[in-house]
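Subject: Structure for your review

Dear colleague,

Please find below the structure that I am handing over to you. I would ask you to look through it first and then to read the notes that follow.

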Amino acid sequence: MLFHQVHVPPVCSLCSRLCAFRDQNRAQNPLYHNAPVPAFGDLSARLLIVGLAPGLSGANATGRPFTGDDAGQVLYAALLAHGLALGDYRGHAHDGLRLMDTRITNTVRCVPPNNRPTPLEIRTCGFFLDQEIHAMPHLSVILTLGKVAYETTLKILGGNPRQTPFVHGRVVQQGPYTLIASYHTSRYNINTKRLTVEMFDAIMGTVSTSLAATPRP
Ligand code: URA
């Protein structure tokens with residue numbers, strides 16, 4: 001059995017701004033998770049989904065990526081529709097939802113003010129994303145949600161975002177990994193129709209095709 005978590009200190013103190021925000025949130029909402037949000041899903045998965053950062057009253061509250069966030073409604077519905085999750089998504093960490101061959105993580109694991117991590121916070125937390133990627137022995141497909149997740153992941157894999165910039169639907173083969181870029185499933189993107197459910201379904205189709213081209217261990 002593989003470890004379920006890459007070790008991120010439960011009270012990581014690497015980013016002073018995020019720590020101060022966490023303390024402030026803990027004072028306001030002591031029942032929230034208010035700590036780095038660990039990845040969800042098994043390290044033996046072939047698919048890794050990388051988001052931006054926990055939402056204040058979503059993943060930062062529930063302790064599970066995309067859970068309780070509007071962005072999670074679209075993401076988990078698509079995973080269920082494509083056979084990459086089993087059960088019911090109910091917006092909390094104890095809904096029994098199981099990911100199939102899939103793991104979900106974030107570029108930055110602590111909630112940032114206004115949903116915007118700084119470049120330094122992205123680089124600092126990138127250490128854990130790097131560890132995560134390299135701790136997944138069967139990883140073959142990485143779906144990145146949004147430009148920050150795409151560029152950070154591409155750089156970790158040795159690519160250059162200036163050569164292959166973020167474009168929704170872009171597929172980049174980077175060593176053994178197929179990197180897929182999508183607009184983030186955020187409420188803003190859905191409300192403005194930058195990303196529609198149909199567009200995201202097409203992205204999930206690309207994910208499924210890419211997974212089908214990879215032998216299961
Ligand atoms: N919730 C997350 O965990 N990550 C995101 O990128 C957005 C919402």
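**Enclosed space and the ligand site**

When the whole structure is searched, 1 cavity of 30 Å³ or more is found. Please keep in mind throughout that this is a predicted model.

The largest cavity holds about 110 Å³ of space. Its lining consists of 16 residues, and those nearest its centre are Cys 12, Cys 15, Leu 18, Cys 110 and Cys 125. Sorted by class, the lining of this cavity comprises 11 nonpolar, 2 polar and 3 charged residues.

Which helices each supply at least two residues of this cavity lining? They are helix H1, which covers residues 16-28, and helix H4, which covers residues 119-134. Of the contributions to the lining of the largest cavity, that of H4 is the greatest, at 4 residues.

I turn next to the open space. The largest pocket contains about 1,100 Å³ of space. A total of 38 residues line this pocket, and Leu 52, Ala 53, Asn 115, Pro 117 and His 184 lie nearest its centre. By class, the pocket lining divides into 16 nonpolar, 13 polar and 9 charged residues.

At least two residues of the pocket lining come from each of the following helices: H3 (70-81), H4, H5 (147-156) and H6 (187-191). H5 provides the largest share of that lining, with 6 residues. Around the ligand are Gly 51, Leu 52, Ala 53, Pro 54, Gly 55, Ala 59, Pro 65, Phe 66, Asp 69, Asn 106 and His 184. This shell has 6 nonpolar, 4 polar and 1 charged residues. Among the shell residues are Leu 52, Ala 53 and His 184, which are also listed with the residues nearest the centre of the pocket.

Three polar atom pairs may be examined in turn:

- A polar backbone atom of Ala 53 is 3.0 Å from a nitrogen atom of the ligand.
- A nitrogen atom of the ligand lies 2.9 Å from a polar side-chain atom of Asp 69.
- An oxygen atom of the ligand lies 2.7 Å from a polar side-chain atom of His 184.

The ligand exposes 230 Å² when taken alone, and the protein buries 94% of that area.

Yours sincerely,
A colleague

Methods. Residues are numbered from 1 along each chain as its sequence is written. This is a predicted model: local features need pLDDT of at least 70, side-chain atom pairs count only at pLDDT 80 or more; totals for chains, interfaces and linings use all residues. Side-chain values use heavy atoms; hydrogens and water are left out. A residue is near a molecule or strand if one of its heavy atoms lies within 4 Å of it. A polar contact is a pair of N or O atoms within 3.5 Å; within protein, one must be able to donate a hydrogen and the other to accept it, and residues adjacent in sequence count only if both atoms are side-chain atoms. Accessible areas come from the Shrake-Rupley method with a 1.4 Å probe; for residues, only the protein chains shown count as cover. Ala, Val, Leu, Ile, Met, Phe, Trp, Tyr, Cys and Pro count as nonpolar, Asp, Glu, Lys and Arg as charged, and the others, Gly among them, as polar. On a 1 Å grid over the protein atoms alone, a cavity is a set of points where a 1.4 Å probe fits but cannot get out, and a pocket is an open set with protein on both sides within 12 Å along at least five of seven lines; lining residues have an atom within 4 Å of a point. Grid points are joined across faces, edges and corners, and a volume is the space filled by probe spheres set on the points.
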